[in-house]
Amino acid sequence: MSVQKLPKAELHMHIDGAIEPTVAYDVVKAACPERLGELFREDANGVLEYNYDDFIGFLNCIDTVAPLTLQTPDDYEALTYGYLKNAAAEGMVYCEMIVCPGMWHQSPDYDFADMMAAFERGIDRAEQDFDVYARCKATLERGDSQEAIDKNWWAAKQIVANSDHPYLVGLDLANFEQLGDIPGHQGLFDYIEQNQKKPLLITMHAGENAGPQNIKDAMAAGAKRAGHITCIMDDAELVKKVVAAKFHGEICLSSNAFSKAVPTLEDHRITEIYNAGVRISLNTDDPTFFNTTIGKEYQIAKDTFGLTDLQLVDITLMAIEDSFAEDSLKAKCVERAYALIEDAYNYTRQEIVQNRGSADVKAQPVLK
Ligand SMILES: [Zn+2]
């Protein structure tokens, strides 16, 4: 059965990773046509897609395409509105977008204040038109080159200057884990914490393409969540610690398969992670680069891993509860999630609350 009508929420979506290949193709064609063959290809059905086969290839592709495509605030506003529109059509209630201030490190015209203003416009228009809510978290990027260090410190200062923006709710640390450990970037987070105008909650990419130590480091650094945690089941003690701390794992199934963080999609241990009691969400990561949507991620969780509709509702509610949104918005999102399911399914809110997370088939929501 389709999961189309189930309410959905995601906490790990890089807005730079949501650029449609058709949009990027036209930009690259105009700016550097000699690179079209390197960056794009057609799938078996002749549909344009990004051209890469591993994580390094993906980084090369997105690091080339995104700066060329996202040059003005209008570009970001259109991208935000378009993504939320499509996601809302699949039942998205709340989306926490990862935004990258460093993208405009060298821009002569714009800084992070312009970027946040663009996100605000896109988010507000989408909320008004499609009843979907969104907030932003600003990411720093792992790296120890002088260029990466300069960019991160510029970004950290920009984040502090905009930390009172009501739609900026958190911080992230992204990029290939081998490019730098969490303690090596602690100074940036300390600087932001000491100077920010309101508290920004922290998540970090960890346990995706390196071992469990990065998840431990993220927890020690005060993070409430971590992106991926793909390898967490390799460390039973860590699983216990994560469950006890209600530490949240942002699961990205298609991304992990595409980037080979797991050998194949079927090798992902999401079911074990969920059954161990780890609080999780389902996420697209870089949706257009991994040929996915939030609806596809929920469908994969159901079809490939056997999660029930009620378990998927449980995961949506965990995502909302563990989001960095303000409490009043979380309450609105919870109401919207229950309204969607009560509209579509033969199930009351009270029954959902009582049976949350149940795998009992008798307790499953059924479409009206
Ligand atoms: Zn990510």
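Leaving aside its neighbours within four places in sequence, which residues is Cys100 in contact with? Before I answer, a word on the model. It is predicted, so to speak of local features we need pLDDT of at least 70, and side-chain atom pairs count only at pLDDT 80 or more, while totals for chains, interfaces and linings use all residues. Residues are numbered from 1 along each chain as its sequence is written, and side-chain values use heavy atoms, with hydrogens and water left out.

Now Cys100. Its contacts are Asp16, Met115, Thr139 and Glu141, where contact means heavy atoms within 4.5 Å. Cys100 sits in the loop that runs between β4 (92–99) and α5 (112–130). Those labels are DSSP runs numbered from the N terminus: helices are H or I with at least four residues, strands are E with at least two. Cys100 has a relative accessible area of 8%, and is therefore buried. Buried means under 20% relative accessible area, exposed over 50%, and partly exposed in between, with a 1.4 Å probe and protein chains only.

Next, Asp285, in the loop between β10 (279–282) and α12 (294–303). Asp285 is buried but has no salt bridge, and the nearest side chain of opposite charge, Lys137, is 9.1 Å away. For charge, Lys and Arg count as positive, Asp and Glu as negative, and His and the chain ends are not counted. A salt bridge needs a side-chain nitrogen of Lys or Arg within 4 Å of a carboxyl oxygen of Asp or Glu.

What Asp285 does have is polar contacts from its side chain: one with the side chain of Ser255 at 2.7 Å, and one with the side chain of His228 at 3.4 Å. A polar contact is a pair of N or O atoms within 3.5 Å; within protein, one must be able to donate a hydrogen and the other to accept it, and residues adjacent in sequence count only if both atoms are side-chain atoms.

Last, the domains. The chain is divided into domain 1 (8–19 + 72–363) and domain 2 (21–69), with bounds from an automatic or database domain assignment.
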